[in-house]
Amino acid sequence: MTSETVPVIELVGATKRFRSASGGVHTAVRDLDLTVAAGEFVAVVGPTGCGKSTTLSLVSGLEPPSHGRVAVNGREVTGIPEGVGYMFQADAVLPWRSVLDNVALGPRYRGATSSEARDRARDWVGRVGLGGFEDYYPHQLSGGMRKRVALAQTLVNEPRILLMDEPFSALDVQTRGLMQAELLRLWSGTGAAVVFVTHDLEEALVLADRVAVMTAGPATVKQVFDVRLPRPRDAEEIRLTSGFLDVYREVWESLREEVQITRERMSGRVA
Amino acid sequence: MSHDVALPGSAAPTDEDFAVSSARAAVRRRKLTVTGVRLLLVAVWLGSWELSATYLIDPFYYSKPSAIGGKLVDWFTRTTAFGSIWTQISYTLQEAVAGFVLGGVAGVLLGIVLGRSRFVADVLAPFIKAANAIPRIVLASLFVIWFGLGMSSKIATAFILVFFAVFFNAFQGAREVDRGLVNNARILGAGRAQILWTIVVPSATSWILASLHSAFGFAIIGAVVGEYSGADKGLGLLINNAQGTFDSAGIYAGMIIITLIALVAEWLLTLLERRLLRWRPAVSGSHDVQI
Ligand SMILES: Nc1ncnc2c1ncn2[C@@H]1O[C@H](COP(=O)(O)OP(=O)(O)OP(=O)(O)O)[C@@H](O)[C@H]1O
Ligand SMILES: [Mg+2]
């Protein structure tokens, strides 16, 4: 990426504080610096509870930063920026709508006619591999299928910026591999910037161009690693290459310390 | 499921058909037994009542099934003290339905508005608590003074009872909307009105429907109590009159008619609920066949 172009996402010294349950102030993330260029796939890894979801909520405009600057497409984020898609950590499909109607939500909200929205939704339901399940309700689907619905629901809006919060972490290993491959297939050629939060380092390296390692909470970006693995990647094959193992070792070295700190804090809290 | 893209209906049909039909047969058998035992219970109850009222206790106070049956036959084949029984039923029913619809609509609207607006809810909270603490049955007397002996005073009583039952549920339902769903909709591009229609109202629906079951009962109570306090027609008047003439069979007969109306309404509401909540997974105790 050339340095003259405006980064799609820019976090400069972004800090987010919440009021904690005890009435004090809890810092979720501090002094975040991160830039993401158009078409770039950035994975964010970090120990549990460090502030990864909070980072995404800052970019999405759902939460304003307490300090610092958050900009999307060069403009300060005040509301929800244009062209942002966000796949939440928790299931957010509407249980009272069929698969097709769930996927058609975005176009409907954005003013498409009902038939237009359904046509686009049908196309995306097929693309995520749910053809034939259009009329099912979410409770009739498996967890993996519900994630596909959420993916289609997000992608049907053709976001230029795609925020994904541990989208596949609840899935079994085989399904996760399948979904990773599908995500790469659907993303390639769209030119969308992706910020993909995961606690699975392997997943991060399979998917991303760069991996940001966050510190134990309150999180800040500790280090950003380039993943120089060729594309298109075969999500299944690439984990076995030596290049993959090298970068894995390097990033894990950095992540392990933070995981260790978090683990110690937690056991300290339990004791 | 290891591979989650199985084609629907691709399993061997014979096996599945067999499992479904045998499960259905089991359900049918169970239903039959349950109904049989219920009928038996009713027969034992009515029989022992009839016998004890004939030989042990005074039927003047406690009446007995045959007398109640006779009273019902009398009402339906001839007439009541105030004209045809159908006139009384239709009168009470109109009052109850009108109070139910008006109270339901008002309760849902206000409940959702307050549930979604912190400020309005904070302002109005003490007034609503106070209004809710008023013994509502007493209002029936007030309404007779305000609206006269006609239908409107009964509708007002039914309205008040229904309104509060529905309002609190709608309020709670609108409050407990999953934030994740709202945020997801906002990201997908929904405005305030769209969030209200596609997220808040549907998620409050199961709360609201739950309250509607008891609310129709309240509507009938409101209508009947209103008629007690003064009326020229209706089932409440019939019962009040029976009380005045020490006609205990008449009280029971009126009670039975009201109960039947409430049961029919309950059944209709259940149909509505099934239709509106068909997206929900079958809960245990429903009549879906599970294998
Ligand atoms: N709305 C909120 N109010 C108060 N505290 C919050 C809020 N959201 C997050 N936090 C706190 O901020 C910290 C970071 O939370 P966050 O959800 O961003 O972590 P995470 O890295 O996504 O964790 P995980 O990997 O478990 O999903 C936590 O300590 C959490 O308690
Ligand atoms: Mg999280």
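A residue counts as near a molecule or strand if one of its heavy atoms lies within 4 Å of it. The model is predicted: local features need pLDDT of at least 70, side-chain atom pairs count only at pLDDT 80 or more, and totals for chains, interfaces and linings use all residues. Residues are numbered from 1 along each chain as its sequence is written, chains are lettered from A and ligands numbered from 1 in the order in which they are written, and side-chain values use heavy atoms, with hydrogens and water left out.

**View 1. The shell around ligand 1 holds 13 residues.** The closest are Thr48(A), Gly49(A), Lys52(A), Ser53(A) and Thr54(A). By class, the shell has three nonpolar, seven polar and three charged residues. Here Ala, Val, Leu, Ile, Met, Phe, Trp, Tyr, Cys and Pro count as nonpolar, Asp, Glu, Lys and Arg as charged, and the others, Gly among them, as polar. Elements are DSSP runs numbered from the N terminus: helices are H or I with at least four residues, strands E with at least two. β1 (9–19), β2 (25–36) and α1 (52–60) of chain A each give two or more residues to the shell. The most come from α1(A), which gives three.

**View 2. Polar contacts of ligand 1 with Gly49(A), Gly51(A) and Thr54(A).** A polar contact is a pair of N or O atoms within 3.5 Å; within protein, one must be able to donate a hydrogen and the other to accept it, and residues adjacent in sequence count only if both atoms are side-chain atoms. A polar backbone atom of Gly49(A) is 2.9 Å from an oxygen atom of the ligand. For Gly51(A), a polar backbone atom is also involved, with a ligand oxygen atom at 2.9 Å. Thr54(A) uses its side chain: an N or O atom there is 2.6 Å from an oxygen atom of ligand 1. On its own, the ligand has 630 Å² of accessible area, and the protein covers 64% of this. Accessible areas come from the Shrake-Rupley method with a 1.4 Å probe; for residues, only the protein chains shown count as cover.

**View 3. An open antiparallel sheet of four strands, in the order β2-β1-β4-β5 of chain A.** Two strands pair if DSSP finds at least two bridges between them. β2 and β5 of chain A each have a single partner strand, so one side of each is left without a neighbour in the sheet. α1(A) packs on this sheet and touches β1, β2 and β4 of chain A. Contact means heavy atoms within 4.5 Å. The direction of α1(A) makes about 115 degrees with that of β1(A). Axes are lines fitted to C-alpha atoms, for helices over the stretch in contact, and angles run from 0 to 180 degrees between N-to-C directions.

**View 4. Ile9(A) has bridge partners in β2(A) and β4(A).** Eight bridges join β1(A) to β2(A), where Val36(A) is the partner of Ile9(A). β1(A) also pairs with β4 (residues 67–72) of chain A, antiparallel, over five bridges. There Ile9(A) has Val72(A) as its partner, and Thr15(A) stands opposite His67(A). In a regular strand the side chains alternate between the two faces of the sheet.

**View 5. Two hairpins, one of β1(A) and β2(A), the other of β4(A) and β5(A).** The hairpin of β1(A) and β2(A) has five residues between its strands, and Gly23(A) takes a positive phi near 95 degrees. In the hairpin of β4(A) and β5(A), two residues lie between the strands. Asn73(A), in the loop between these strands, has a positive phi of about 55 degrees although it is not a glycine. β5 (residues 75–76) of chain A is joined to β4(A) by two antiparallel bridges. Ala71(A) has Glu76(A) as bridge partner, while Val72(A) stands opposite Arg75(A).

**View 6. A six-stranded open sheet with mixed pairing, in the order β6-β7-β8-β3-β9-β10 of chain A.** The edge strands are β6 (84–87) and β10 (221–226) of chain A, each pairing on one side only. Neighbouring strands are turned by 15 degrees against each other on average, direction ignored. β3 (residues 41–45) and β8 (residues 193–198) of chain A run parallel over five bridges, with Ala43(A) partnered by Phe196(A). Helix α6 (residues 173–187) of chain A packs on the sheet and touches β3, β7 (161–165) and β8 of chain A. Its direction makes about 145 degrees with that of β3(A).

**View 7. A cis peptide bond from Arg231(A) to Pro232(A).** Omega is near -5 degrees. Pro232(A) is in the loop between β10 and α8 (242–270) of chain A.
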